[in-house]
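Here is a brisk report on the structure below.

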Amino acid sequence: MLKDLFGKKRKFATVPSVSMTQEVPTVEPKEVPEGLMHKCSHCGTIHYSKDLEKNLRVCKGCQHHFPLSSPERVQSLLDNGSFTEEFDANLISDNPLNFPGYEDKLEQDRSKTNLNEAVITGEGLLQGMPVVLGVMDSRFRMGSMGAVVGEKITRAIERAIERKLPFILFSASGGARMQEGMISLMQMAKTSAALAQMENERLLFISVLTHPTTGGVSASFASLGDINIAEPGAQIGFAGRRIIEQTIRQELPKDFQTAEFLLKHGQLDMVVHRKDMRDTLGTLVALHTHREGE
């Protein structure tokens, strides 16, 4: 009796044995649909893609600004439904230098982006005020500037002059398009000359530099705004960091060529968070727009 009361107790719970021939139910792993989640490359925060889009593609963890496509940018800025028709939508690049594979790459980008070139231009309303808008798209040949990009921007400037409207241009580019050689470099002078004419007409040009704005684009129209704005963290510069360091044989600051660095050194007028961009641009346009009776 006492033996039964004070006998050794098992230290571990027992489970029924399973025969080796008995089938064990398996659970199939659920596949996560492609594009459902997005991980921030800067801080590692994982977002639902739809939530990221609602937040204007800005990371809630570190406020990193992901690139926006040109249609997304237009939608985030202009009054709903006011951008009715794209200027010069049918202009398409050819291959003036017979650069190998260039035509195939252009066709691939057209299919991927549903755009004919790396910039869209048009007219719309910004908080009720008419403006001419241009938006470069880094998905198309990294936003590089060839003959068509330069022509579309020049024509947009000319339309702004003709209609006496402000011109707002969002840049996102790797620079001049190497496949078009000197023809692409000529666009730097052409766009700059058109902006000089706009200045003569005393019309407002606001340049917004987004990540990245480099090469011939940064050295021409992107830096010629009456007001130059950038998004936080945007890389802005002409030559690459490594090339500059090798040339001057000095180590550059860690924040070199960032929007914040340029603002600190007087090369920008302001750095504006994406959520504040529409209101900021609306205020600037209102301050520079003549209204009847005023």
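## Salt bridges

Asp137 and Arg139 pair through their side chains in a salt bridge, at 2.9 Å from N to O. A salt bridge here is a side-chain nitrogen of Lys or Arg within 4 Å of a carboxyl oxygen of Asp or Glu. Asp137 is buried, at 0% relative accessibility. Arg139 is partly exposed, with a relative accessible area of 33%. Buried means under 20% relative accessible area, exposed means over 50%, and partly exposed is in between (1.4 Å probe, protein chains only). Side chains of opposite charge can pair when their charged atoms come close. The count comes to 18 salt bridges by this rule.

Asp109 and Arg141 form another salt bridge, at 2.8 Å from N to O. This pair links distant parts of the chain, 32 residues apart: Asp109 is in helix 4 (residues 102–113), and Arg141 is in the loop between strand 5 (129–136) and helix 5. Helices (H or I, at least four residues) and strands (E, at least two) are DSSP runs, numbered from the N terminus. Asp109 is buried at 4% relative accessibility. Arg141 is partly exposed at 23%. Arg163 and Glu123 also meet in a salt bridge, at 2.2 Å from N to O. That pair again links distant parts of the chain, with Arg163 in helix 5 and Glu123 in strand 4 (residues 119–126), 40 residues apart. Arg163 is partly exposed at 40% relative accessibility. Glu123 is partly exposed at 23%. A network of salt bridges links Asp88, Glu151, Arg155, Arg159 and Lys190.

## Model and overall make-up

The model is predicted: local features need pLDDT of at least 70, side-chain atom pairs count only at pLDDT 80 or more, and totals for chains, interfaces and linings use all residues. Residues are numbered from 1 along each chain as its sequence is written, and side-chain values use heavy atoms, with hydrogens and water left out.

The protein has 10 helices and 10 strands. Of its 294 residues, 42% are buried. Its accessible surface comes to about 17,800 Å², and 53% of that belongs to carbon and sulfur atoms. Accessible areas come from the Shrake-Rupley method with a 1.4 Å probe; for residues, only the protein chains shown count as cover. Among contacts between residues at least 6 apart in sequence, 68% join residues at least 24 apart. Contact means heavy atoms within 4.5 Å.

## The annotated cysteines

An unreviewed UniProt entry places "zinc finger region: C4-type" at residues 40–62. The end C-alpha atoms of that span lie 9 Å apart, and the span is 26% helix and 13% strand. The UniProt annotation "binding site" (unreviewed entry) covers Cys40, Cys43, Cys59 and Cys62. UniProt positions follow the numbering used here, feature names are shortened, and annotations may be inferred rather than shown by experiment.

Is Cys40 buried or exposed? Cys40 is buried, with a relative accessible area of 2%. It sits in the loop between strand 1 (37–39) and strand 2. Beyond neighbours within four places in sequence, Cys40 contacts Thr45, His47, Cys59, Cys62, His64 and Phe66. Cys43 is in the loop between strand 1 and strand 2. Cys43 is partly exposed at 37% relative accessibility.

## A nonpolar patch

Leu36, Met37, Ile46 and Tyr48 make a nonpolar surface patch of about 390 Å². Patches are made of residues with over 30% relative accessible area and no salt bridge: like charges are joined within 9 Å, nonpolar side chains (Val, Leu, Ile, Met, Phe, Trp, Tyr) within 5 Å. Tyr48 belongs to strand 2 (residues 46–48). Tyr48 is partly exposed, with a relative accessible area of 47%.

## Backbone geometry

Most residues other than glycine have a negative phi, and most peptide bonds are trans. The peptide bond from His211 to Pro212 is cis, with omega near -15°. Pro212 lies in strand 7. Lys164 is not a glycine, yet has a positive phi of about 55°. Lys164 is in the loop between helix 5 (147–163) and strand 6 (167–173). Arg202 has a positive phi near 60°. Arg202 is exposed, with a relative accessible area of 79%.
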